[in-house]
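Here is a briefing on one structure, grouped by topic. Keep the sequence and the 3D view side by side while reading.

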Amino acid sequence: MKLAVVGGGSTYTPELIDGFARMRDVLPIEELWLVDTDQERLRLVGGMSDRMFRAAGHTGRIVPTSDLVAGVADADAVLIQLRVGGQAARHGDETFPHECGCIGQETTGPGGFAKALRTVPVVLSVADVIRRHAKPDAWIVDFTNPVGIVTRALLNEGHRAVGLCNVAIGFQRRFANLLGVDHTQVQLGHVGLNHLTWERSVTVTDGNGARDALPALLGAHLGELAEEIELPASLLSLLGNVPSYYLRYYYAHDEVLREQLDAPTRAEAVQRVERELLELYADPAVDSKPEQLSQRGGAFYSEAAVDLIASLTSDRGDVQVVNLRNDGSLPFLPDDHVIEVPATVGAAGLAALPIEPLPDDIRGLVSHVAGYERLALDAAVHGGRDRVVRAMLAHPLVGQYDRAEKLTDLLIAGNREHLAWAK
């Protein structure tokens, strides 16, 4: 098997490498190509990755390259993990919305829209190369945020793609720990759009059959769960479910904004961690995943990636939470919209499990954000200030014309070098 990672020079790549090494029986990689345009990062991360494979006794070959065509040629699967503009652009995403009284976040709200505008054209260009040079049945696994919008862009162009996020696997592992069961016994009733999801059930299967453990979890661990996602326990009781942390940007917008105005950005924190990681990667004596990597974010990403790619290439037919076409699963959304739900995964493709009807409040918010996402993708593909304004206005965290206009001008001014139509 040949696997390629586009964006392989990321300081986060050794997290992937650790998972590939530990789970090599599940995913027997013979060649792992790390593709990146940053030669220095590629050298450091590639060297670290090779040492990790050797230390773990993995016989696979790691090949760092800046040649995209060579990297994806004859690949069985390609994982895309790009950050167009780097942490500097992320810092902008996390700050320019503050001028208009909006939260600054790299995937949600105006900042997430800016990232989509920068990212979609680049990912589509990469995907075209993959289509021409990878194996005809190769899968593209998108871990590039905003995952829902980027994955829909890929699917709209006919690519064999699926989106991946680590929110669901994080909840699965957390719930399993609280329940004292193995994570393989836990299946989530995870539903929504990427970074706009709710856990509506936690099905545990054991010798006594299957049961929904969510009521017991909320009864015994309500305060603990609420604290972890930084939302009031009374809200979880009201909803009867566990929202993802990203719902905090909606349910507690003003509180989050006040916190952001008084604190460094996440981009600044990540830049500091990345400097430390790159120093460690340069040390030839370091051959295992550094503890600092846990501060980089993306917990359990490697396990999620390994499981997904293994199922896509070996036809295991198991159930995983992925981003895929709606195709009637949520009847109030268009078929071509991308949703994040449990699905059976196999070589022939993906099929969402049946979904219980959503309550009015959740359905309304999902519909609202989905409308914004569709307009955001139109703006990312076709460009133009008017398209940006319309998508910005449609976002539930903006919703006012004068604010949408000002945010649009700030977005364009800060991202002009990445927007071909705005130069």
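Contact means heavy atoms within 4.5 Å of each other. Helices (H or I, at least four residues) and strands (E, at least two) are DSSP runs, numbered from the N terminus. This is a predicted model, in which local features need pLDDT of at least 70, side-chain atom pairs count only at pLDDT 80 or more, and totals for chains, interfaces and linings use all residues. Residues are numbered from 1 along each chain as its sequence is written, and side-chain values use heavy atoms, with hydrogens and water left out.

**Helix H4 against helix H5**

- Ala89, Arg90 and Asp93 of H4 touch Gly111, Ala114, Lys115 and Arg118 of H5.
- By class, the residues of this contact are two nonpolar, one polar and four charged. Nonpolar covers Ala, Val, Leu, Ile, Met, Phe, Trp, Tyr, Cys and Pro; charged covers Asp, Glu, Lys and Arg; the others, Gly among them, are polar.
- H4 spans residues 86-93 and H5 spans residues 109-133; they pack at an angle of about 145 degrees, with axes 8 Å apart. Axes are lines fitted to C-alpha atoms, for helices over the stretch in contact, and angles run from 0 to 180 degrees between N-to-C directions.
- Arg90 of H4 also forms a salt bridge with Glu94, at 3.1 Å from N to O. A salt bridge here is a side-chain nitrogen of Lys or Arg within 4 Å of a carboxyl oxygen of Asp or Glu.
- Both partners are covered: Arg90 counts as buried at 6% relative accessibility, and Glu94 counts as buried at 5%. Buried means under 20% relative accessible area, exposed over 50%, and partly exposed in between (1.4 Å probe, protein chains only).

**Other salt bridges**

- The structure holds 30 salt bridges.
- Side chains of opposite charge can pair when their charged atoms come close.
- Arg316 and Asp307 meet at 3.4 Å, N to O. Arg316 is partly exposed at 38% relative accessible area. Asp307 is also partly exposed, at 22%.
- Arg374 bridges to Asp336, with the closest N and O atoms 2.9 Å apart. Arg374 lies in helix H14 (residues 360-382) and Asp336 in the loop between S11 and S12, so this pair ties together parts that are 38 residues apart in sequence. Arg374 is partly exposed, with 26% relative accessible area.
- A network of salt bridges links Glu15, Asp18, Arg22, Lys289 and Glu303.

**Arg173**

- Arg173 sits in helix H7 (residues 167-179). Its relative accessible area is 15%, so Arg173 is buried.
- Beyond its neighbours within four places in sequence, Arg173 is in contact with His183, Phe300 and Glu303. Glu303 also belongs to the salt-bridge network with Lys289.

- Strand S12 (residues 338-346) is mostly covered, with eight of its nine residues buried.
- S12 pairs with strand S11 (residues 318-325) in the antiparallel sense, over eight bridges. Two strands pair if DSSP finds at least two bridges between them. In this pairing, Val322 stands opposite Val341 in S12.
- S12 also pairs in the antiparallel sense with strand S13 (residues 349-352), over four bridges. There, Thr344 stands opposite Ala351 in S13.
- A hairpin of two residues joins S12 to S13.

**Helix H6**

- Helix H6 (residues 147-156) is mostly covered: eight of its 10 residues are buried.
- The buried set is Val147, Gly148, Ile149, Val150, Thr151, Arg152, Ala153 and Leu154.
- These residues pack against H5, strand S5 (139-142), strand S6 (161-163), S11, S12 and H14.
- Just after H6, Gly158 takes a positive phi of about 85 degrees.

**Helix H11**

- Which residues of H11 are buried? In this helix (residues 253-261), they are His253, Val256, Leu257 and Gln260.
- They cover an arc of only 100 degrees around the axis, which puts them on the same side of H11. The arc is that of the directions from the helix axis to the C-beta atoms.
- Asp254 and Arg258 are exposed on the other side of H11.
- The buried residues of H11 pack against helix H10 (248-251).
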